[in-house]
Structure formats: C-alpha cells, structure tokens
Amino acid sequence: MKQLSLLFLSLFICFSVFGQNQTNERAKWFADARFGMFIHWGIYSSAEGYWKGEKLRNDNDYAEWIFYRNRIEKEEYLTLLDNFDWDEIDPEEWVILAKKSGMKYVTITAKHHDGFGLWDSKVSNYDLGNYTNPKRDIIKELADACKKHGLKLGLYYSHWLDWEHPFGWDHTKELNPISQEDYDKYWQEKVIPQMRELLTNYGEIGMIWFDMWIDHSQAIVSKEELMQLKNLIRELQPNCLVNSRLGLTIEEDPDIDFKTLGDNQLGDKKEDFPWQSPATVAHSWGFHSSDTQWKSTSTLLKSLINNVSLNGNFMLNIGPRANGDVPFEIQQRMLEMGEWLNVNGESIYGAEAFDLDKDLHDWGKITCKKTENGEKLFLHVFNWPLSKKLYLTGVEAKPEKIYLLADKQKSPLHFNCENVFTEIELPSLQPDPYVSVVVVEYKTKPEIEDGLVAKNQEGGFSLTPLNVFEKRDEMQIEKKERGGTIPEHVVVSESQKFSWKIYVDEPGKKSVDISYSFQSKKGSSIIKVIAAGDNLVHEVKNTGKTVGEANSRWVIDNYKSNSLGEFSFAEKGFYIVELEVIPAEGESILFQWGWLK
C-alpha cells in the first residue's frame, strides 16, 4: 500500500508539473507580464565594438564579447572605464523608457561574462565600487527606479563563464584545462557570495537570469553546484524566478520557473509552461557602433504577438552607450511599441494561446483571455484584407459581439456565422498601421473543430502536406533546398493518400489545382482527387527542368501547377478532400500542394 501511495503521489506531482497548466505561483506575474526589457551594459559598452581600431574578432558582432574575442589584458580592459560619463548616466531613464514602452519588468547584466560587477561588491574588487569616485552602484539605482515606477527587477548573472577569475571558465581553458576542484574554488569564492549579496541587498528580485546555453553535462559546472545556487535563491528570495539557462532543463528539474529560448529565437509551438525569447532590436546585445540591422516596429510587434499566441514572453534588449544613452533607433521602436500597447495591451497582458493551430489563418495570430462575462478572442491582423472581409475558421460558437480593440466605443462590426465559420466585415481603413486587433466576444470559452484547413484571404483552401487532416506527424516532408528554389515536398514512390478537412460556407463550384514535379516521360502515373461525391483523375505529366538562379549553372527540377477541373459543392458543410498520388512502378512524383477555390 505504501508503494502504491507513493506511485499515486508521483503521478500527481508529474501531472501538476507537466499537465495542462504548468505555471507555478511564483511565475504567474511573469505569465501575465508578457513583455520586458533586457539591458546589456558594462565596460564593453565603452569599446563600442572596436579595440585600438580593430573591429571585434568575430562575425557575430556581439560587442559584449570584445574582452575575450580581441584577447585584451585585464588592466587594459579596465581603461575603457575612463570613457564613461558618470554625470550623464541615470538608470532611471532606462526604467522610464521601459514603462513608456509597455514593458513590465527590467533585467540588467549585473555581471556579464567579463566578470565585472555593476554594484559595490564586497566579495571582489572587480566591480564598479572599486572604479568609481564617488562610488556608483548601478544595481541599487536601478532597483530603486523599478520600485518607484512599479516594474519588476531581474538580474542577469553570468555564473558559468567568468573571464576575470583565474578559475572561472573561459574557452581558452579547453587548451589548458582546470580541475573541477579549481573551478569549485571560483564557485565558492565568487558566485555563491556575490549571489548572496544580490539577493540580500536590493529588495525584491523578480528573476535571476542565467546564461548557460548548454546543458551542465557538457560543461565544467556540476549539477551539485547548480543545485547549490538554485537552493540559495529559494532560501533568500523564495518568489524569485529562475530560468532554464541555469543549466537545468524544465524536464530535468520541474522547479525551474521558465524556459529560455535561444538568442532571437521566437516560439514555434504552443507550450503549457512559461517561456521567453530574449531578443535584440538590431543585432548586438552590447552597443556596437557598426550595427545597422535594425528590425522594424512591425517585426518586433509581430514577434511579441507570436510569442504570446503560444504562451510565451518577449524580452527586448537595449544596449546603452558609455554615457547611458539608448540608441535612437531602439528608443523609437520601443516607444512605438508602447503606443501600440496603450491601445491594444488587453490582447497581450494576461492573454494566452487559443486552441486552434498556430498557422491556421493566413491573416495573423490569435490570443485569448477569460473575462467575467465569458471569453474574448483577439484576432491580430498582420495583413489587412483588401476584400475587407476577415475569415475566422474552426470556432464552434456564434460570437456575442465583434469590434475593433482600438475603438473606444466598441461599435459592433457586422458578421455572419455559420457553424465553424465566421465572416467579419472590416472597415476600409485599418485602425493601426502596424497590427490591428479585432475582438470577438463569446459567452463562454468556445469549442473548436480541430484539423480544418481555413479559407484564406483569397477565398481558397491551400492544401499542403503540413495541414493534412490525419497522420500529419507521420508525413515525411522534404525540406526546401537551394535557397528555397526547390520547395518543400513529399516524395511519393508508392501509392499514397492525402486528405484535408474543409468547411464550405458557400455552395457552388470550386476548381482544383495540383503542383508537383515529375521527371519521367512515362505516361502511366496518375493523381486522383475525390470530394463532394465526385472524383477527378489527372494523368501526371513531365514537368521538366528550370533554372533556379541566373548565370549560376543552377538547374533544378521544375514544380508546375496543373488544373484538374471542378467540384460542385451542393450544400454548406464539412467535406473531406482526398488526393491519391499513384506513381507508375519505379517512378516518383514529388507532390507539393493542392489548391481549391
């Protein structure tokens, strides 16, 4: 009985951790906040990507790595502090920018990989307290500003890498290895006592953001050391969040609060636990004077919306200069995002993923929110339809009301709802030049019809191997090649069936087109399409070759669209469109897509 009780307890814990809702109490504010500021600022900010006239020695142009990349001696690196204008530097300005930009938390590089602390540490003499007169403590100033303006404070701390400490890890130690015992001296002499300072002296800390992008099994740091560090956080600040770049994955340790994706990596699937993308407005994290890869405001907003639509967060970086100034291009975009959030923030803060497939609609993304009166869907329209009609597919309920989020009067938009298909009439002018949001209200959370192909903005159905009705995960899809000139496709060497489920909202005739590549000249391969009680048979034809890129000897197989004929859909309703590809013996047909309109 004791063993059985333990088994049930284990199953309960597993369900709690890996079940439908995996956001713990600590992380609820984080899941609601959705948008935060990252600040990369330190000695490297003064170099601006160059050392003695030489550009950073790495094409990734991460300016904060210049100490390591350009092999600078420690004492020379410290001379960069001479360029800091301490009379101009005011961390409160960064917090004010974050608040105006609609951000709910701020995370700063308290200690980056160079090992230099932005506070007056009693543990090390390699920090601002020892190199400023009068002493500056940027962490305290930022903590006070966050408290004043109502934002959560997060601290980035480089635990694994430390280029200053003799036993801290830097990648040159791959040539001259150190022992685990020596590394633990760094851990106990610097990491643990500095983390104790940060967790004790600056009030409430919302999160400690670690930056170990590999698993501990691949690094010198041990799991025991990581657990010691995490336990210290739990002891001193029980409500402080810890991210997966501590070196422990959520799967290995469910006590980790949120998953951190790769640099500038956006979400591509819905997750049932908190996660976050760290991202830049340009490319470098620390200020780089040659950085010109500025992302547009639309791109940044779509990145934020994409993540929220999959239950994720977005933390956007600033890299201030040595005088504290934030580059104009970054300020401009962030303030524009803040203006958008002033109007449309309801669709982001506290919002979450809806149940429909993330790629179902070609017009944009959906977030949702439970309200006192029911449920709201927020349709983020990336591409305002020229037809002034927006098609919502897959929701099994009639909306109570539809309106533009930007409309304070909530003037109702006219719509027609048939079964799982809602057609919304939009005004001629979109309310927002970046992304407009349409609100759809329901009495309760609506059920969905899963597995449908949505009617797209052209009024047709795009039938691809990625949106088949069944066995999608079993589909062997060949990825695009040669710069995308060879598209995604399925190689069919034996008879293979594909099926799609659609909802036809208007009876009538629809034409069918199929795109494929076929290099044989034999004429016995066929493609059959069945729908609405009828079938069409197509004799597969040789599609020949084409040139993928001019003057490059870039000859590739041609993929050609072929018209098969028409189907007559007599009634509104659900239909299965079935396509069977039947190659002749020894032949292969490279199926790309179908199109029904």
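Predicted model: local features only at pLDDT ≥ 70, side-chain atom pairs only at ≥ 80, totals over all residues.
1. Who are the neighbours of β1? Strand β10 (residues 312-318) runs parallel to β1 and is joined to it by 5 bridges. Strand β4 (residues 105-111) also pairs with β1 in the parallel sense, over 4 bridges.

2. Isoleucine 138 sits in α7 (residues 138-149), and it touches Ile108 along with Trp41, Trp86, Ile89, Pro91, Trp94, Leu118 and Leu128, leaving aside residues up to four places away in sequence. Is isoleucine 138 buried or exposed? Its relative accessibility is 0%, so it counts as buried. For a sense of distance, serine 303 lies 165 residues from isoleucine 138 in sequence and 30 Å from it in space, C-alpha to C-alpha.

3. Next, the helix pair α10 and α11. The axes of α10 (residues 297-308) and α11 (residues 328-344) come within 9 Å and cross at roughly 55 degrees. An angle between 35 and 65 degrees falls in the oblique class, and α10 and α11 are therefore oblique to each other. The crossing of α10 past α11 is right-handed.

4. Which residues make that contact? From α10 come Thr297, Leu300, Leu301, Leu304 and Ile305, and they meet Arg333, Glu336, Met337, Trp340 and Leu341 of α11. By class, the residues of this contact split into 7 nonpolar, 1 polar and 2 charged.

5. There is an open antiparallel sheet of 5 strands, in the order β11-β12-β13-β18-β15. Its edges are β11 (352-353) and β15 (401-404), each of which pairs on one side only. Inside the sheet, β12 (residues 364-371) and β13 (residues 374-381) pair in the antiparallel sense over 8 bridges, and threonine 371 stands opposite glycine 374 of β13. Helix α10 comes back at this point: it packs on the sheet, touching β11, β12 and β13, and its direction makes about 55 degrees with that of β12.

6. Another open sheet of 5 strands has mixed pairing and runs β19-β22-β29-β24-β25. β19 (452-453) and β25 (534-539) are at the edges with a single partner strand each, so one side of each has no neighbour in the sheet. For β19, look at β22 (residues 496-504): the two run parallel and are joined by 2 bridges. Leucine 452 has lysine 501 of β22 as its bridge partner.

7. Last, the overall numbers. The protein has 11 helices and 30 strands. Its C-alpha atoms fill a box of roughly 85 × 65 × 60 Å along the principal axes. Of its 597 residues, 55% count as buried. As for contacts between residues at least 6 apart in sequence, 72% join residues at least 24 apart.

Methods. Residues numbered from 1 in each chain as written. Heavy atoms only, no water. Axes fitted to C-alpha atoms, helices over the stretch in contact; angles between N-to-C directions. Parallel < 35°, antiparallel > 145°, perpendicular 65-115°, else oblique. Left-handed = near helix turned anticlockwise from the far one by under 90°. Contact = heavy atoms within 4.5 Å. Nonpolar A, V, L, I, M, F, W, Y, C, P; charged D, E, K, R; others polar. Pairing = 2+ DSSP bridges. Buried < 20%, exposed > 50% of the residue type's maximum accessible area, 1.4 Å probe, protein only.
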